[in-house]
Amino acid sequence: MVASLVGYLQLAAFAVALFGRQLCSMFGLPHTPAWLGWVQENKFKVLFAAFIASNFASRLTSTGAFEVIVDGDTVFSKLEMGRLPTFEELRAGLDHLEFGGTLA
């Protein structure tokens, strides 16, 4: 929810920073609001803030999960182990489940 809101705010910031005056005339506003003048004068600050907001939004949706699941059985879980698996751990886990394929 919050990540979606941040994404929409980011898009709005880009639109206002790049096309603010055109948007005002398109929507028939008789004069440019004072805050839009500040945004137009500080485009790079606004765009940088929108970029940082994008990074923030991606961190909100990132869980860091890495799960290997075969036929409903968990072979490895980064959330449980706190680290990524080694190749040997994956091979052993798949062999334990009698995985039909071959691992090089």
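The secondary structure of the protein comprises five helices and two strands, where helices (H or I, at least four residues) and strands (E, at least two) are DSSP runs numbered from the N terminus. The structure is a predicted model, in which local features need pLDDT of at least 70 and side-chain atom pairs count only at pLDDT 80 or more, while totals for chains, interfaces and linings use all residues. Residues are numbered from 1 along each chain as its sequence is written, and side-chain values use heavy atoms, with hydrogens and water left out. Along the sequence, the elements follow the pattern α-α-α-β-β-α-α.

Confidence is expressed as pLDDT, the predictor's confidence in each residue, from 0 to 100. The protein averages a pLDDT of 80, and 86% of the residues score at least 70. Among the elements of the protein, helix 2 has the highest mean pLDDT (88), whereas helix 5 (residues 87–96) has the lowest (79). Where pLDDT is low, the predicted coordinates should not be read in detail.

Of the 104 residues in the protein, 20% are buried; here buried means under 20% relative accessible area, exposed over 50%, and partly exposed in between (1.4 Å probe, protein chains only). The protein exposes about 7900 Å², of which carbon and sulfur atoms supply 65%; accessible areas come from the Shrake-Rupley method with a 1.4 Å probe, and for residues only the protein chains shown count as cover. With contact defined as heavy atoms within 4.5 Å, residues 24 or more positions apart account for 30% of the contacts in the protein with a separation of 6 or more.

A nonpolar patch on the surface is formed by Met26, Phe27 and Leu29, which together have about 370 Å² of accessible area. Patches are made of residues with over 30% relative accessible area and no salt bridge, like charges being joined within 9 Å and nonpolar side chains (Val, Leu, Ile, Met, Phe, Trp, Tyr) within 5 Å. Met26 belongs to helix 1 (residues 2–26), and Met26 counts as exposed because its relative accessibility is 59%.

In helix 2 (residues 34–41), the residues Leu36, Gly37, Val39 and Gln40 are buried. Seen down the axis of helix 2, these buried residues fall within an arc of 160 degrees, so they line one face of the helix; the arc is that of the directions from the helix axis to the C-beta atoms. An α-helix has 3.6 residues a turn, so residues three or four places apart point the same way. On the other side of helix 2, Ala34, Trp35 and Glu41 are exposed.

The strands were considered next. Val68 is found in strand 1 (residues 67–70), and Thr74 is found in strand 2 (residues 73–77). Thr74 counts as partly exposed because its relative accessibility is 47%.

A search of the whole structure finds one salt bridge, defined as a side-chain nitrogen of Lys or Arg within 4 Å of a carboxyl oxygen of Asp or Glu. The side chains that meet in a salt bridge are those of Glu89 and Arg83, at 2.5 Å from N to O. Glu89 is partly exposed, with a relative accessible area of 29%, and Arg83 is likewise partly exposed, with a relative accessible area of 33%.
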